[in-house]
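Please look through the sequence and the model below before reading my points. They are numbered so that you can follow them one by one.

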Amino acid sequence: MWTELDLSSGQAKHKHFPAVDIMKFILSFMVIAIHIHPFGDINAYLNYGIYNYVARLAVPFFFVAGGYFCFRKTSLDNFDIKTPLSYSKRMLILYLIWTAIYLPISVYNITKSDDGILHSTLAYMRKFLFVGSYTHLWYLLGAAIATAIVCCMINKLGLKTTAIICSILYIVGLFGTSYFRLIKQLENITPIWNLLKLYALVFTTTRNGFFFGTIFVCMGALFAYRKIYMRQSTAIIGFIVSMLVMLIEAFATEYFDLARMHDLYISLVPALFFLFYIITHFEIKETKVTIAMRKYSSIIYFVHLWVNFGISALIKIIELLSGVEIESIHSLLRYILVAIGSLAVAIILNKLQEYKPFRWLKKLL
């Protein structure tokens, strides 16, 4: 059922949004698709469309939702900087915890690297500080940085100026990812190109909290502080049009060899704006299932690469015991196994949290 709720109103300040929980649950499986391409062995175009198009909605949605639920706890008239900064602190703590959980895999990868242990260790330290200690953990570091930056800018400059600056940062970020080839001509301008190379050497990518996360966190703050109204049909049509443009953008940047990475798209911004509006205005009754989904989505996001590593390790063990070399597991089968395994871990961990000896597991979320 559609609701006309104003997300910036006092009524929305403490409201639960089961539809958001369901969407985050669905998108957590999209994140798995980014890392484990489900149709890689079936169809290249379909596979590309999944992991470099549809699935790219996932992390930005997490940023917007996190921004909204964080900033709605305070107001522009009486802005409390401590509230968003406490959220940033929590994200950093989670980043450290999950970095420690993934450390065994990181150490394993360092020892197996062809670049040598010393070089790989230094590269890991750089990633830990500036990029993200493991493939998907960049989101936690990015959320902490983006929220802190947006918080400070709103406090000093106001929401409008913050939104303008975050938009500029996103545009700059586009040239570091999906539209990288457009700035290749700057290679002839040595000082500028050397500066860009230095940035790439240290930070690797513009897919981070500074260039990528800020605009979506700011979007969450915009929903929390500004009355935004549109008809249901307008929101749905706006989302569909945005997704169609993003479809063209995703394949065009690949076809014309513009992209270095496919994380940022121009049309991704309006797509997320309309999507978040639709989801938060779609009224669904809160149940035990939706509450569980809220917890499951986070666990699935965090554990799925451990599950994937475990599946690979299990295959190697079977090969050693049987003496038979197993051919590479089918991409769709691997995706299904990782998805089911991650959900199973989420269910088990969520259940264990109910018992006193395992209450500490709540710190993982």
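How many salt bridges does the structure hold?

1. The structure holds 5 salt bridges, a salt bridge being a side-chain nitrogen of Lys or Arg within 4 Å of a carboxyl oxygen of Asp or Glu.

2. This is a predicted model, in which local features need pLDDT of at least 70 and side-chain atom pairs count only at pLDDT 80 or more, while totals for chains, interfaces and linings use all residues. Residues are numbered from 1 along each chain as its sequence is written, and side-chain values use heavy atoms, with hydrogens and water left out.

3. The average pLDDT (the predictor's confidence in each residue, from 0 to 100) is 93 for the chain, and 99% of the residues score at least 70. Confidence is lowest in helix H9 (residues 190–203), with a mean of 81, and highest in helix H12 (residues 268–280), at 98; helices here are DSSP runs of H or I with at least four residues, numbered from the N terminus.

4. Glu283 and Lys15 form a salt bridge whose closest N and O atoms are 3.0 Å apart. Glu283 sits in the loop between H12 and helix H13 (288–322), and Lys15 in the segment before helix H1 (18–35), so that the pair links distant parts of the chain, 268 residues apart.

5. Asp21, Glu286 and Arg294 are linked in a network of salt bridges. The closest N and O atoms are 3.1 Å apart between Asp21 and Arg294, and the N to O distance is 2.7 Å between Glu286 and Arg294.

Note on methods
Helix = DSSP H or I, 4+ residues; strand = E, 2+ residues; numbered from the N terminus.
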